[in-house]
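Reader: I am new to this structure. Could you take me through it in short steps?

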Amino acid sequence: MISDGVRARIAAFDPERIERIHDEGIGLTAYLVLDSLALGPAAGGVRTMAYADEADAALDACRLARAMTYKCALGGLDAGGGKIVVIDRPGLDRSAAFAALGRRVDALRGDFRTAGDLGTTDLDLAAMAAQTRYVHTDTRNLAGAVGRGVLRCAEACADVAGRPGLSGICAAVQGCGDIGAAVAEAFVRAGVGVRVADVDEGRARALAARLGVEVVSVSDVLYEDVDLLAPCALGAVISAETATRIRAWAVCGGANNICTDDAAHEALHRREILFVPDLISSAGAVVEGIGRTVMGLEDRRDLIDALRHTACLVLEDARADGRPPIVHAIRRAEVRIRDSAP
């Protein structure tokens with residue numbers, strides 16, 4: 001049962017479905033949100049992390065599910081947005097908990113398609129996949145799709161800036177996990193000079209050695225003197241204050257919810273820094289997953305490559321009327337969802 005306090009915190013979202021999944025015996029408390037089924041089944045990952053309280057967890061699930069709704073609409077997918085957030089706490093029996101989540105997902109009969117997200121391991125996904133076919137476990141392939149999408153959106157930044165492609169520019173990649181590594185690899189193949197940083201310095205150095213790129217300080221990576229900044233780790237890394245110190249002329253990354261709030265978006269826009277909303281730039285994974293499992297596309301690359309055109313449209317809209325790109329991205333997503341109504 002969802003408490004009145006939690007319902008009050010999430011009232012602004014009003015998702016199509018929200019469930020509290022609780023089993024004290026295995027230490028499981030999770031929130032499952034299906035934000036929209038207007039375009040098709042809901043798609044979104046499983047996030048596992050500690051939260052201050054259940055209301056914070058439910059709010060995060062709603063926020064992330066809404067972002068997935070927009071991401072699917074902008075990516076041209078026949079899908080809406082969803083999310084599972086698992087509260088990580090002492091006593092969580094991960095094997096039993098994720099098996100239980102797999103059974104719950106299976107009971108939705110395809111209305112929710114899921115994969116990994118922050119804090120959820122390959123073993124967790126395997127425990128879910130043993131109970132349902134609606135979980136995508138190929139995290140490496142999904143990361144590669146994100147890398148391709150970020151590259152295409154970086155090309156859009158060059159297009160709008162009137163630059164002849166990406167070859168010869170320099171990019172700083174924050175985060176060297178699966179997604180950051182895939183983005184860095186895509187940039188290197190495109191002739192971009194790359195600098196990487198990660199809270200795990202050993203991981204950053206290993207990636208740098210493999211790709212032949214430079215390691216920079218994790219505390220300074222956002223402020224490197226580069227052309228392009230690619231946040232590919234945790235979200236909420238650019239605030240209004242942070243935006244005043246960024247030296248790149250474009251920001252385009254694989255992380256979700258890169259900006260903390262509207263003020264951060266406004267600050268970037270005032271400084272004429274091109275910002276591709278992560279609703280577009282990080283959409284490669286869901287395009288890959290939904291394109292294959294729901295839309296039956298044998299080759300999803302064209303759909304991922306189309307993110308370049310979508311990013312160009314949003315950046316050009318922002319230049320034309322003075323509002324940040326995120327405003328135009330959400331407007332375009334909402335128009336597609338509205339037009340899908342019978």
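Reader: Where does Arg 336 lie, and what is its C-alpha distance to Leu 39?
Author: This is a predicted model. Arg 336 belongs to helix α14. In sequence, Arg 336 and Leu 39 are 297 residues apart. In space, their C-alpha atoms are separated by 8.8 Å.

Reader: Is Arg 336 buried, partly exposed or exposed?
Author: The relative accessibility of Arg 336 is 26%. Buried needs a value under 20%, and exposed one over 50%. Arg 336 therefore counts as partly exposed.

Reader: Which elements each supply at least two residues to the lining of the second largest pocket?
Author: This pocket holds about 450 Å³ of space. Of its 20 lining residues, the closest to the centre are Asn 257, Asp 262, His 265, Ile 326 and Ile 330. The biggest share comes from α2, which gives four residues. The elements that each supply at least two are α2, α9 (262-270), α10 and α14 (325-339).

Reader: How does the lining of the second largest pocket divide by class?
Author: The classes here are nonpolar, polar and charged. The lining has 11 nonpolar, three polar and six charged residues.

Reader: How many cavities of 30 Å³ or more are there, and what is the volume of the largest cavity?
Author: A general point comes first. Rolling a probe the size of a water molecule over the atoms shows where empty space is left. The count here comes to one cavity of 30 Å³ or more. The volume of the largest cavity is about 70 Å³.

Reader: Which element gives the most to the lining of the largest cavity?
Author: Its lining includes Leu 64, Lys 83, Asn 256 and Ser 282. By class, the lining residues divide into four nonpolar, three polar and three charged. The element that gives the most, with four residues, is α2.

Reader: What is the strand order of the open sheet, and which strands stand at its edges?
Author: The sheet has six strands, with parallel pairing. Their order is β9-β8-β7-β10-β11-β12. Two strands have a single partner each, so one side of each is left without a neighbour in the sheet. These edge strands are β9 (214-215) and β12 (274-275).

Reader: Which residues stand opposite Cys 170 and Ala 171 of β7?
Author: Five bridges join β7 to β8 (residues 193-197), and the two run parallel. With β10 (residues 228-231), β7 pairs over four bridges, also in the parallel sense. In β8, the residue opposite Cys 170 is Gly 193. In β10, the residue opposite Ala 171 is Leu 228.

Reader: How many of the five residues of β7 are buried?
Author: In a regular strand the side chains alternate between the two faces of the sheet. Cys 170, Ala 172 and Gln 174 point one way from β7, while Ala 171 and Val 173 point the other way. The strand, residues 170-174, is largely enclosed by the rest of the structure because its buried residues number five of the five.

Reader: How far does helix α5 reach from its first C-alpha to its last?
Author: Helix α5 covers residues 139-161, which makes 23 residues. At 1.5 Å a residue, the expected span is 33 Å. The model comes close to this, with a reach of 33 Å.

Reader: Which residue caps the N-terminal end of α5, and which residue follows the helix?
Author: At the N-terminal end, a side-chain oxygen lies 3.2 Å from the backbone nitrogen of Asn 141. That oxygen belongs to the capping residue, Asp 138. After α5 comes a residue with a positive phi, near 75 degrees: Gly 162.

Reader: What are the phi values of Ala 236 and Glu 272?
Author: Most residues other than glycine have a negative phi, and most peptide bonds are trans. Ala 236 is in the loop between β10 and α8 (240-243), and Glu 272 is in the loop between α9 and β12. Both values are positive: Ala 236 is near 55 degrees, and Glu 272 is at about 60 degrees.

Technical notes. Residues are numbered from 1 along each chain as its sequence is written. This is a predicted model: local features need pLDDT of at least 70, side-chain atom pairs count only at pLDDT 80 or more; totals for chains, interfaces and linings use all residues. Side-chain values use heavy atoms; hydrogens and water are left out. On a 1 Å grid over the protein atoms alone, a cavity is a set of points where a 1.4 Å probe fits but cannot get out, and a pocket is an open set with protein on both sides within 12 Å along at least five of seven lines; lining residues have an atom within 4 Å of a point. Grid points are joined across faces, edges and corners, and a volume is the space filled by probe spheres set on the points. Ala, Val, Leu, Ile, Met, Phe, Trp, Tyr, Cys and Pro count as nonpolar, Asp, Glu, Lys and Arg as charged, and the others, Gly among them, as polar. The expected span of a helix is 1.5 Å times one less than its number of residues. A polar contact is a pair of N or O atoms within 3.5 Å; within protein, one must be able to donate a hydrogen and the other to accept it, and residues adjacent in sequence count only if both atoms are side-chain atoms. Buried means under 20% relative accessible area, exposed over 50%, partly exposed in between (1.4 Å probe, protein chains only). Two strands pair if DSSP finds at least two bridges between them.
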